[in-house]
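Please take a careful look at the model shown here. The paragraphs that follow lead from its charged pairs to its packing and then to its surface.

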Amino acid sequence: LLWAGPYPIAAGLLPFGATEPRSVAAAGVVDPTGVDLSCGLTLSYAAPGGVPVPQKAGTCPPRGATVSLYTAIDAESAETTTYIGQKGRITVLPPAHCPTKLRVELKGKGRGNARVTEFEFPFPEPKRPFAPVPGGGEDDVFFYPNSHGFAYEAAAVTRCLNAGLTECPQYTLDETLRALSLVDAARKAMSEPNSES
């Protein structure tokens, strides 16, 4: 959860910001040393006040919402993120931790009919080679798929620091604390089977 979990949790919270979920349920596998190997996490968001209201950006849809997340360090997932709504879905294609492609499917008439559009946002090629692995061979470098895309994250931090900001407006401290509280809730649920927070 602390290594691979932040990516799906951040993606799952994106539509809700720092809003507290109505309920959190988690189940997973923990190894004998206490390392969480995999975790499924379900969040439920209540409709505001229990009655339909006009939707504003960053708020829960009037009917409420459910978020299902999965993370693992002992297995390879499809590494996609899908947002499903009443008019269609948006799928962030792999690798979802640092994507370059997304698919938009807008519902058509009848079941299973959709207009599909894919978008690609390629990263520029890195200007210098990836960092070598200490003691490794010539071709051994630190690299994850699209890892050079993290340069955008570093640039965002630099812009905030240069502007005197103490948090990034695109992902606030409150959102970070909400994500960490979900990690804590999931780890607690995994250490106490049959519990729900």
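The side chains of glutamate 118 and arginine 103 meet in a salt bridge, with 2.9 Å from N to O, where a salt bridge is a side-chain nitrogen of Lys or Arg within 4 Å of a carboxyl oxygen of Asp or Glu. Because glutamate 118 lies in strand S7 and arginine 103 in strand S6, this pair ties together parts that are 15 residues apart in sequence; helices (H or I, at least four residues) and strands (E, at least two) are DSSP runs, numbered from the N terminus. Glutamate 118 counts as partly exposed at 47% relative accessibility, and arginine 103 is likewise partly exposed, with a relative accessible area of 25%; buried means under 20% relative accessible area, exposed over 50%, and partly exposed in between (1.4 Å probe, protein chains only).

This is a predicted model, in which local features need pLDDT of at least 70 and side-chain atom pairs count only at pLDDT 80 or more, while totals for chains, interfaces and linings use all residues. Residues are numbered from 1 along each chain as its sequence is written, and side-chain values use heavy atoms, with hydrogens and water left out.

The structure holds three salt bridges. One of them joins glutamate 105 and arginine 89 at 3.4 Å, N to O, and this pair links distant parts of the chain, with glutamate 105 in strand S6 (residues 101–107) and arginine 89 in strand S5 (residues 88–92), 16 residues apart. Glutamate 105 counts as buried, at 16% relative accessibility, whereas arginine 89 is partly exposed at 36%.

Arginine 187 forms a salt bridge with aspartate 36, their closest N and O atoms being 3.4 Å apart. Arginine 187 lies in helix H3 and aspartate 36 in strand S2, so the pair ties together parts that are 151 residues apart in sequence. Here arginine 187 is partly exposed, with a relative accessible area of 36%, while aspartate 36 counts as buried at 11%.

Strand S2 and helix H3 return in the packing of helix H1: the buried residues of H1 pack against strand S2 (36–45), strand S3 (65–72), strand S4 (81–85) and helix H3 (173–191), contact meaning heavy atoms within 4.5 Å. In H1 (residues 6–13), the buried residues are Pro8, Ile9, Ala11, Gly12 and Leu13.

Elsewhere, glutamate 125 sits in the loop between strand S7 (114–120) and helix H2 (150–162) and counts as exposed at 66% relative accessibility.
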